[in-house]
Amino acid sequence: MPAILIIDDEPGIRSALCSILEDEKYKVFTSEDAVAGIEILKKEVIDLVFLDVLLPKLGGIEALEKIRNEWSMTEIVMISGHANIDMAVRAVKLGAFDFLEKPLSLDKVLTVCRNALALVKLRAENKNLKKLSRFTCEDIIGTSAEIKNIRETVKQAAGSDARILITGENGTGKEVIARAIHMFSARSENPFIEINCAAIPESLIESELFGHEKGAFTDAISARKGRFELAHGGTLFLDEIGDMSLSAQAKVLRVIQEQKIERLGGEKTIETDVRIIAATNQNLEKACEQGRFRQDLFFRLNVIPIHSPPLRERTEDIPLLLCHFLKLHDKEITLEQRALDVLTAHDWPGNVRELKNLAERISVMHQGNIITGADLEKLLNKKEKTAQNGGQSNMQTKLPENIMELGFNEARDNFEKHYLEFQLFKNNGIISKTAEAIGIYPSNLHAKLKKYSIPAQNKL
């Protein structure tokens with residue numbers, strides 16, 4: 001819905017224009033002076049401004065220059081009851097779309113409004129097409145069929161506001177894909193706001209998403225905008241949405257349906273224009289069957305599905321990715337054939353993130369421009385890792401011999417500790433994968449590992 005701002009010190013003009021434009025289903029904001037109008041521009045995405053020439057505090061011509069400099073995508077129509085040709089020419093030279101004289105004609109207002117908004121839309125589409133024509137998705141690196149398909153999907157999805165669900169293991173680049181979609185969309189000039197649903201305690205997730213008013217809860221010492229408000233006009237990236245509580249899921253579903261939010265402790269309804277991209281390392285269909293995720297929300301989010309494959313399934317991309325990451329550290333290397341074999345044979349439990357870390361390790365620890373297989377085995381700590389895993393395996397499978405003689409709580413803790421050690425080992429030390437396998441949230445698993453002082457080999 002196009003948004004229009006009316007800046008005029010005459011209440012009758014503001015009221016008449018507002019009524020006319022709202023009847024045409026436009027979203028309308030009003031202000032009695034340019035200073036307050038500019039504050040609205042800072043908070044809202046405005047497509048068109050009707051700006052009076054004679055205003056208190058800041059004149060219309062001065063406001064025109066300021067708005068044109070800071071909000072170049074917004075069109076401005078000047079209005080005045082004391083217009084002359086020189087003033088109109090000056091306004092147009094400064095970037096005004098048109099100049100209307102009072103008393104305003106209803107037909108003229110609507111015609112100019114439609115033409116100005118058509119230009120705004122055309123400019124946005126042209127800008128988007130130029131981006132897409134240069135589309136390379138430089139951060140989505142690879143020549144594998146899977147990566148080519150992702151790049152093509154990103155290109156097609158960027159031009160719409162359809163919701164997207166990105167799935168894949170941790171470290172596979174889900175956030176990179178989400179940012180690429182935003183970058184090549186018509187919303188690219190507006191915010192890209194992300195929130196990691198797994199990293200925020202359940203008691204705070206709703207406040208983070210929807211904001212809160214002062215006094216909404218004990219620590220709410222002032223009002224605060226939530227991520228939905230901050231992302232207005234742009235993209236909201238809900239990372240690890242599979243870890244979101246059921247109550248928060250219900251509220252997100254409601255926002256998607258109504259495009260409105262209410263801050264915690266507030267009564268005011270706030271309209272929101274947000275494109276939602278969600279990501280998860282979990283099987284949400286399975287989570288729906290288990291009652292851990294709302295099926296209706298899953299269907300709402302899964303309009304365009306994108307799967308980000310693990311690195312072990314696209315090994316042909318590994319050398320290209322490694323060279324790319326090394327260049328970021330001003331390091332160029334040549335890989336011997338044995339080194340290539342080591343790279344492709346490694347299972348990469350941390351995926352692209354692990355490879356990026358390896359590149360940084362090489363830039364710091366490796367001397368010279370040639371890397372052998374032995375070099376890579378040393379840098380990947382393969383021997384040390386095998387020894388650690390072997391030692392852990394023995395520990396995982398051995399319960400205390402007197403477990404049947406222990407008290408209930410002590411026996412339960414002993415079993416739970418060894419059970420978690422075994423499952424963690426079985427899933428290569430990956431927290432998210434282990435949590436999904438045993439049916440608990442990663443945050444709960446972290447807490448239990450801390451309780452039993454269990455070290456994780458890989459906390460990705």
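**Notes on a helix pair and two residues**

1. Let's start with helix 13 (residues 318–328) and helix 15 (residues 351–365): their axes come within 9 Å and cross at roughly 50°. Helix 13 and helix 15 are therefore oblique to each other, and their crossing is right-handed. Please keep in mind that this is a predicted model.

2. Who makes this contact? From helix 13 come Ile318, Leu321, Leu322, Phe325 and Leu326, while helix 15 brings Val352, Leu355, Lys356, Ala359, Ile362 and Ser363. Sorted by class, the contact of helix 13 with helix 15 has nine nonpolar residues, one polar and one charged.

3. Staying with helix 15, have a look at Glu354, which lies in this helix. Glu354 has 19% relative accessibility and so counts as buried, since the cut-off for buried is under 20%.

4. Leaving aside residues up to four places away in sequence, Glu354 touches His346, Trp348 and Pro349. With His346 there is also a polar contact of 2.9 Å between the two side chains, Glu354 on one side and His346 on the other.

5. Finally, a stop at helix 18 (residues 408–426), where Asn409 is found. Asn409 has 46% relative accessibility and therefore counts as partly exposed.

Conventions
Residues are numbered from 1 along each chain as its sequence is written. This is a predicted model: local features need pLDDT of at least 70, side-chain atom pairs count only at pLDDT 80 or more; totals for chains, interfaces and linings use all residues. Side-chain values use heavy atoms; hydrogens and water are left out. Axes are lines fitted to C-alpha atoms, for helices over the stretch in contact, and angles run from 0 to 180 degrees between N-to-C directions. Helices (H or I, at least four residues) and strands (E, at least two) are DSSP runs, numbered from the N terminus. Angles under 35 degrees count as roughly parallel, over 145 as roughly antiparallel, 65 to 115 as roughly perpendicular and the rest as oblique. A crossing is left-handed if the near helix is turned anticlockwise from the far one by less than a right angle, and right-handed if clockwise. Contact means heavy atoms within 4.5 Å. Ala, Val, Leu, Ile, Met, Phe, Trp, Tyr, Cys and Pro count as nonpolar, Asp, Glu, Lys and Arg as charged, and the others, Gly among them, as polar. Buried means under 20% relative accessible area, exposed over 50%, partly exposed in between (1.4 Å probe, protein chains only). A polar contact is a pair of N or O atoms within 3.5 Å; within protein, one must be able to donate a hydrogen and the other to accept it, and residues adjacent in sequence count only if both atoms are side-chain atoms.
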